[in-house]
Amino acid sequence: MIRQATANDADQIAPLIEQAIHEIAETLTGTQEKELVLERLALFVTQTGNRLSHENILVKELDGHVVGIVIAYAGVDAAQLDEPIKRQLLEWTGQEVQIDQETEGNVFYLDTLSVDAAYGGKGIGSELLQAAADEGERRGLRAFTLNADQTNAGAQRLYRRLGFVPVKTIEISGGQFDYMERPYAT
């Protein structure tokens, strides 16, 4: 079953976020210590009004366990959704932190897609991706967008096969990504 995440899912969601975004998770949590990364990611999931909030997450649940997640939100909200994270990072690190802007505009942005490795190859990722795409279309946005790591050939193939087209290259936490979009039928 795919459903809206809740704050109570945070401890199951955090490892899936970390698995998918590695260095970006370290940037968003201000640490490289894995246990602390997971703890801080879980905290963001429990909160509201930030990009990692349960408000922006759909989960795939099987037998009472979260086995996959998709985080997505409107591009026009991206900068605002990063502000609470920046404030929290200032508190944790004592430093102003710059978070790379990953999207903008009248699009629905797929921030993170992750499936527990034990459930890989069962179509869960595709199911979550479609659920997020459908939500963006329901909201009347122009396109569904994502960033694909240029070093991840498998993801690049998958997204191109699903109709995503690269429109520009951006840098996120030191890595090079193809910003890809798939327009909605208007």
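A crossing of two helices is called left-handed if the near helix is turned anticlockwise from the far one by less than a right angle, and right-handed if clockwise. Helices (H or I, at least four residues) and strands (E, at least two) are DSSP runs, numbered from the N terminus. The structure described here is a predicted model, in which local features need pLDDT of at least 70 and side-chain atom pairs count only at pLDDT 80 or more, while totals for chains, interfaces and linings use all residues. Residues are numbered from 1 along each chain as its sequence is written, and side-chain values use heavy atoms, with hydrogens and water left out.

We start with the helices. Two packed helices are described by the angle between their axes and the distance between the axes. Axes are lines fitted to C-alpha atoms, for helices over the stretch in contact, and angles run from 0 to 180 degrees between N-to-C directions. Helix α1 covers residues 10-29 and helix α2 residues 34-46; their axes come within 8 Å and cross at roughly 110°. That makes α1 roughly perpendicular to α2, since angles of 65 to 115 degrees get this name, under 35 being roughly parallel, over 145 roughly antiparallel and the rest oblique. The crossing of α1 and α2 is right-handed.

On the α2 side the contact uses Arg40, Leu43 and Phe44, and on the α3 side Ile85, Gln88 and Trp92. By class, these are 4 nonpolar, 1 polar and 1 charged.

Next comes the sheet. Strands of a sheet pair through backbone hydrogen bonds, either parallel or antiparallel. Two strands pair if DSSP finds at least two bridges between them. This model has an open sheet of 7 strands in the order β1-β2-β3-β4-β5-β7-β6, with mixed pairing. β1 (2-4) and β6 stand at the edges with a single partner strand each, so one side of each is left without a neighbour in the sheet. On average, neighbouring strands are turned by 30° against each other, direction ignored.

Strand β2 (residues 57-62) pairs with strand β3 (residues 65-74) in the antiparallel sense over 6 bridges, and Leu58 has Val70 in β3 as its bridge partner. Helix α1 packs on the sheet, touching β2, β3, β4 (107-115), β6 and β7, and its direction makes about 55° with that of β3.

Strand β7 (residues 175-183) runs antiparallel to strand β5 (residues 143-149), joined by 7 bridges. Ala143 stands opposite Pro183 in β7. Another 7 bridges join β7 to strand β6 (residues 165-172), again antiparallel, with Lys168 opposite Tyr179. β6 and β7 form a hairpin with 2 residues between them, and Ser173 in the turn has a positive phi of about 50°.

Leaving aside neighbours within four places in sequence, Thr27 is in contact with Leu89 and Ser173. Thr27 is partly exposed, with a relative accessible area of 26%; buried means under 20%, exposed over 50%, and partly exposed in between (1.4 Å probe, protein chains only).

Terms used: Contact = heavy atoms within 4.5 Å. Nonpolar A, V, L, I, M, F, W, Y, C, P; charged D, E, K, R; others polar.
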